[in-house]
Amino acid sequence: MTENLNRDITERKKAEKESERLQKRLQLLIDRMPIAFIVWDAEFRVQSWNPAAERIFGFTAGEMLGKHPYGLIVPRDAQPHVNNIWRRLLERDVTAHSINENITKNGRTIICEWSNTLLKEADGMVVGVLSMVQDVTERNKAEEELKRHRGQLEKLVEERTVKLKETLGNLQKEVSERKKAETLIREQNEELKELDRIKSELLSTAAHELRTPLTSILGSSEILLNREVDREGQNELLKIINEESRGIGRLIDNLLAISLIESGRGFKIRKEPTDLGEIIQENVDSFRSQTGKHEFEVDMPTELARVQADKDKIDQVMGNLLSNAVKFSPEGGKVTVSVDQAEGEVKVSVVDTGIGIPKRDLPHIFERFYRAENASIQAIGGTGSGLAIVKYIVEAHGGKISVESELSKGSTFSFTLPLEIGGRNRGRKSHEEDLNS
């Protein structure tokens with residue numbers, strides 16, 4: 001029996017030690033908990049108050065142990081739902097669970113989440129209630145801060161999105177403008193290549209245009225120098241020399257004019273009261289003396305007002321237009337120069353009955369170095385600069401130029417010039433002169 005008693009005492013001591021060890025471990029765990037861990041007795045007095053409770057409520061364990069916390073950590077005039085939680089705890093409602101506002105020792109208001117669990121019940125009485133209080137103030141603040149930051153982030157994202165769209169729009173615009181610039185540069189390069197090609201052709205054509213009349217001039221002059229030629233033959237050779245020399249002169253004038261226009265300098269127009277009828281008649285007489293295959297007709301008013309013009313430049317215009325009329329009527333025909341005087345301007349038209357111009361070439365006929373693709377026109381030759389110079393001179397005088405043409409039926413080139421206010425030429429009769437040879 002003694003042996004059994006000793007065994008019971010030993011086992012009880014072991015149990016007590018194990019219980020003590022477990023209690024220490026439990027207390028250590030409670031002390032380390034981040035939430036308030038409070039143990040109450042049946043009278044609702046505090047039996048355990050861990051460090052987290054001290055931190056949350058501001059009361060030390062010494063201040064709270066054995067005391068009723070109501071009135072210390074919760075004001076007696078607290079909101080109804082706060083009083084309700086205490087009432088439910090006092091009534092042993094172990095399911096009490098709520099989130100309440102509490103006042104700490106230093107007067108700070110915190111938001112706590114209460115959770116209560118029945119620890120032990122003996123003889124129908126609750127001897128202990130475990131309450132865990134967790135301060136969620138910081139969590140709520142963090143949530144509010146997170147919400148605020150989320151709002152700021154959304155606003156920032158929205159602003160960045162707007163800026164990104166704006167940047168993207170600017171980038172697309174820049175890309176579009178760059179593509180346009182690249183297209184323009186490419187077109188300009190193609191145009192420069194084309195101009196370079198045309199100029200090369202122009203130089204070749206000009207050389208040919210100069211060589212042909214020079215050959216005629218040299219040949220005629222050698223005959224005059226080295227052979228016995230009668231008076232009629234001499235006149236014929238001198239006529240060839242004169243005609244070809246005039247052609248060379250016009251070609252050189254055109255090349256010089258095109259050179260000035262191409263360089264961007266242009267040429268000066270010196271306007272003065274000018275007798276347009278005299279310029280027309282002199283040019284017609286000159287071409288009449290050069291060709292025997294063409295019939296020339298001039299139709300002007302008896303009184304033609306003087307024009308404000310550069311005589312030499314208008315002379316060049318008439319020379320080019322008459323030269324074209326003769327050149328593009330290789331089989332001969334009639335060339336008519338008519339003058340119509342209207343309010344404030346005079347209109348000059350040069351009409352031929354030659355090979356005409358294809359309809360598709362008419363919009364380009366006044367472009368520099370342009371030559372129609374018609375085989376008959378290509379066979380005649382020329383630099384394609386004369387009409388461009390005519391257009392430049394006429395527009396520099398404040399006038400306009402136009403063309404009408406039909407294949408195999410001839411062409412009509414017309415230009416206008418402003419009249420000199422109050423000035424009139426002396427009377428000039430309309431006349432028609434025909435010369436066939």
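**Group meeting: a walk through a predicted model**

Of the contacts in this protein between residues at least 6 apart in sequence, 61% link residues at least 24 apart, where contact means heavy atoms within 4.5 Å. Hello everyone, and before going further: this is a predicted model, so local features need pLDDT of at least 70 and side-chain atom pairs count only at pLDDT 80 or more, while totals for chains, interfaces and linings use all residues. Residues are numbered from 1 along each chain as its sequence is written, and side-chain values use heavy atoms, with hydrogens and water left out.

Let's start with the overall picture. The protein has 10 helices and 12 strands; these are DSSP runs numbered from the N terminus, helices being H or I of at least four residues and strands E of at least two. Of its 437 residues, 35% are buried. For burial, the cut-offs are under 20% relative accessible area for buried, over 50% for exposed, and partly exposed in between, with a 1.4 Å probe and protein chains only. The exposed surface comes to about 26,900 Å², of which carbon and sulfur atoms supply 51%; accessible areas are from the Shrake-Rupley method with a 1.4 Å probe, and for residues only the protein chains shown count as cover.

Now to a helix pair. Two packed helices are described by the angle between their axes and the distance between the axes. For helix 8 (residues 311–327) and helix 10 (residues 386–396), the axes come within 9 Å and cross at roughly 145°. Those axes are lines fitted to C-alpha atoms, for helices over the stretch in contact, with angles running from 0 to 180 degrees between N-to-C directions. Which residues make the contact? On helix 8 they are Lys313, Ile314, Gln316, Val317, Asn320, Leu321 and Asn324, and on helix 10 they are Gly386, Leu387, Ile389, Val390, Ile393 and Val394. By class, that contact of helix 8 with helix 10 has eight nonpolar, four polar and one charged residues. Here Ala, Val, Leu, Ile, Met, Phe, Trp, Tyr, Cys and Pro count as nonpolar, Asp, Glu, Lys and Arg as charged, and the others, Gly among them, as polar.

Staying with helix 10, its buried residues are Gly386, Leu387, Ala388, Ile389, Val390, Ile393 and Val394. Just after helix 10 comes Gly398, with a positive phi of about 85°.

On the subject of phi, most residues other than glycine have a negative value. Ser408 has a positive phi, near 70°, and is not a glycine. Where does Ser408 sit? Its place is the loop between strand 11 (401–406) and strand 12. Ser408 is exposed because its relative accessible area is 63%.

Is Ser414 buried or exposed? It counts as buried, because its relative accessibility is 8%. Its side chain makes a 2.8 Å polar contact with that of Ser349. A polar contact is a pair of N or O atoms within 3.5 Å; within protein, one must be able to donate a hydrogen and the other to accept it, and residues adjacent in sequence count only if both atoms are side-chain atoms. Leaving out residues up to four places away in sequence, Ser414 touches Lys347, Val348, Ser349, Lys400, Ile401 and Ser402.

Two arginines next. Arg288, in helix 7 (residues 276–290), is buried, as its relative accessible area is 9%. The side chains of Arg288 and Asp285 are joined by a polar contact of 2.8 Å. Arg270, by contrast, is in the loop between helix 6 (231–262) and strand 6 (272–274), and is exposed at 55% relative accessible area. Arg270 and Ala309 are 39 residues apart in sequence but 7.0 Å apart in space, C-alpha to C-alpha. Not counting residues up to four places away in sequence, Arg270 touches Ala309 and Asp310.

Last stop: Ile30 in helix 1 (residues 2–32), which is buried with a relative accessible area of 6%. Beyond neighbours within four places in sequence, Ile30 is in contact with Phe37 and Asn50.
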